[in-house]
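Q: Please take a close look at a single part of this model. I would like one connected description.

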Amino acid sequence: ARLQFPNGVTRIELDDRQIDMPAAVLSITGSEDPILLENAALKLKQKLVGLSGLSRIEVKGAPGKEVIVKLDQDTINRLGISRQMIANTLSQRNSIIPGGLVSSEAQNIRINTQSDYASLDELRRTMIQLPSGQVVSLETIAEVNLEPSLPLTEQVYHNGARTVSLGVIAQRGQVDVIKFGQQLRKLAAEFRPIVAPLKIEESFFQPDY
């Protein structure tokens, strides 16, 4: 085709590395709760990161998460506090304060000031000040839960069942794919009892071919 180009056209190169096909796609199924599926998929990903010949693992179908605080309107009205007062307290408490670095010749260590929330329980225990000067914990006036971010931007299914999947990509041109598949199946088998009653299904498995 280059012979047909007019004068002045720069050299054209084919880049075939934009999309790498996974050697295998493992899918977590067994629940309609996307957060439960995502948590199991991320644990499985950690199990697989030491796989010899692995290039990377792509997670598909993860819903993303957000913290939902559902206030009891009757209770906050009775206590004389507003939604905005609660929002301001949570915003101030969740600010991330830089801690700086401790430096030595060998390394830099970043200081964690732990100024932001580290868990749902910590958020639930946040003290809200009342107009009287007394304080109450957030969990006494609200339900605090971790829920999927809506709308769901990406959904993946395996045989009609909702799933979060892992695309396991091997290093290109450097891996015995059959041995890679054997190691992958061994690690997945070891992990199955840990995620039960959820299941680890093979949606695609290139080494079989």
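Where is Ser27 found?

A: Ser27 is found in strand 1, residues 24-29. The model is predicted: local features need pLDDT of at least 70 and side-chain atom pairs count only at pLDDT 80 or more, while totals for chains, interfaces and linings use all residues. Residues are numbered from 1 along each chain as its sequence is written, and side-chain values use heavy atoms, with hydrogens and water left out. Helices (H or I, at least four residues) and strands (E, at least two) are DSSP runs, numbered from the N terminus.

Ser27 has 1% relative accessibility and counts as buried, a term for under 20% relative accessible area with a 1.4 Å probe, protein chains only. The side chain of Ser27 makes a polar contact with that of Ser203, at 2.6 Å. A polar contact is a pair of N or O atoms within 3.5 Å; within protein, one must be able to donate a hydrogen and the other to accept it, and residues adjacent in sequence count only if both atoms are side-chain atoms. Leaving out residues up to four places away in sequence, Ser27 touches residues including His158, Thr163, Lys199 and Ser203, where contact means heavy atoms within 4.5 Å.

Strand 1 is also one of the elements against which the buried residues of helix 5 pack, and helix 1 (34-48), strand 2 (54-60), strand 10 and strand 11 are the others. Those buried residues are Phe180, Gly181, Leu184, Leu187, Ala188, Phe191 and Val195. At the start of helix 5, a side-chain oxygen of Asp176 reaches to within 3.1 Å of the backbone nitrogen of Ile178. Pro197 lies in the loop between helix 5 (177-195) and strand 11 (199-205), and the peptide bond from Ala196 to Pro197 is cis, with omega near 10°.

Key:
Buried < 20%, exposed > 50% of the residue type's maximum accessible area, 1.4 Å probe, protein only.
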